[in-house]
Amino acid sequence: MAKTLAAMILAWFTCLLIFPEQLPIFGAIAALLVVQDNVDQSLSKGMERVIGVLLGVSVALATGTFLGQHSWLFIAALVAGLALGWALRMTPSAANQIVVSALLMIALGGLSLDYGIERLVETLIGALIGVGINALVAAPVRTVPVHEALVSLTENAAAALRRIADALDRPRDDDWLEQMHEDARTLQVQRTRVHALLRQARDSLRLNPRSRRHRRGLAADDALFDRLQPIITQIGGMSRAVYDLYEPDLVTDPQVVGMVEEIRRAAHDLELLVHDGGEREIPTEPPALTAPYTIPRPHPEHWVLIGSLMEDLRRVRGRITGELE
């Protein structure tokens with residue numbers, strides 16, 4: 001808010017110095033629209049505003065030349081502006097810039113070419129001031145929220161793995177299994193949120209003067225997220241398999257007993273990816289899951305569930321250790 005206000009005031013008085021006979025409404029509007037969350041967005045909005053004013057002034061001059069000064073000229077300019085934006089396949093906000101600029105042109109300056117050129121120059125000044133303010137007073141860097149969300153996602157994924165192990169450790173009722181599966185499904189929602197935060201973080205660093213010291217940490221988070229995404233998918237599959245094929249006598253099978261320990265080791269190793277003395281690098285501590293777990297002979301009744309869990313566990317282990325890239 002403070003940056004936007006400063007940009008508008010600076011644009012207002014700067015334009016007054018250059019065009020003292022006109023109120024610098026176009027310049028103030030440009031500064032208002034251009035100050036965005038980051039410099040890259042400011043440049044995009046600045047270009048959009050300047051092009052919108054250029055086309056809007058052209059629409060106002062063209063409709064005025066062909067139709068003259070009539071009360072319904074505003075409606076004609078509105079229709080022509082929207083049609084031009086549609087024909088050029090512009091975004092709705094960019095098309096609206098054409099219409100607003102055309103209406104302001106007709107209402108404030110009539111159909112003078114000199115007035116239109118001055119308003120275009122005024123818009124360019126306001127846009128440049130808005131971009132400059134956003135670059136000098138650096139936009140916020142969005143790397144901390146994405147790292148915190150990534151740590152939370154990793155911890156929740158490890159907790160989901162432990163709940164799968166708990167389901168195989170002793171008999172569980174249907175309500176417990178349903179809650180276990182629901183908790184695993186929420187990882188997909190968290191993954192989508194982390195993906196959106198990563199995109200926002202990348203945008204916040206683009207053309208940001210403070211970006212250099214934050215890029216390494218964001219690159220590490222990005223690499224960790226790439227490693228974590230397939231693990232989330234495998235955990236969802238493991239949870240679904242247990243939920244669909246669970247039988248209480250599973251907990252007495254010696255093969256399942258050994259698998260429970262391996263799943264818990266995988267959960268431990270997964271947490272190591274984000275807990276390494278505060279560093280963001282992939283940890284060098286040896287994983288607890290040091291070797292694949294083998295089953296010499298499949299269970300005659302539960303071999304589908306056991307085999308599915310074993311394959312998913314193998315993939316989880318490979319992603320954690322980096323063997324599967």
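**Charges and patches on a predicted model**

Hi everyone, let's start at Asp175, which counts as exposed because its relative accessibility is 58% (exposed is over 50% relative accessible area, buried under 20%, partly exposed in between, with a 1.4 Å probe and protein chains only). Before I go on: this is a predicted model, where local features need pLDDT of at least 70 and side-chain atom pairs count only at pLDDT 80 or more, while totals for chains, interfaces and linings use all residues. Residues are numbered from 1 along each chain as its sequence is written, and side-chain values use heavy atoms, with hydrogens and water left out.

Back to Asp175, found in helix H8, residues 174-205 (helices are DSSP runs of H or I, at least four residues, numbered from the N terminus). Together with Asp173, Asp174 and Glu178, Asp175 forms a negative surface patch. By patch I mean residues with over 30% relative accessible area and no salt bridge, like charges being joined within 9 Å and nonpolar side chains within 5 Å.

Now to the nonpolar side of things. Phe66, Leu67, Trp72, Ile75, Leu78, Val79 and Leu82 make up a nonpolar surface patch, with about 710 Å² of accessible area together (Shrake-Rupley, 1.4 Å probe). Helix H3 (39-67) and helix H4 (73-87) are the elements that give two or more residues to this patch, and H4 supplies the largest share, four residues.

Let me show you three. In helix H3, Glu48 and Lys45 sit three residues apart, about one turn of the helix, and their side chains meet in a salt bridge at 3.5 Å, N to O. Glu48 counts as buried at 16% relative accessibility, whereas Lys45 is partly exposed at 27%.

Next, Arg162 pairs with Glu271, the closest N and O atoms being 3.0 Å apart. This pair links distant parts of the chain, 109 residues apart: Arg162 is in helix H7 (residues 143-169) and Glu271 in helix H10 (residues 254-272).

Finally, Arg315 and Glu311 form a salt bridge at 3.0 Å, N to O. They are about one helical turn apart because four residues separate them in helix H11, residues 303-321. Arg315 is partly exposed at 35% relative accessibility, and Glu311 is partly exposed at 30%.

Key:
A salt bridge is a side-chain nitrogen of Lys or Arg within 4 Å of a carboxyl oxygen of Asp or Glu. Lys and Arg count as positive and Asp and Glu as negative; His and the chain ends are not counted. The place of a charge is taken as NZ of Lys, CZ of Arg, CG of Asp or CD of Glu.
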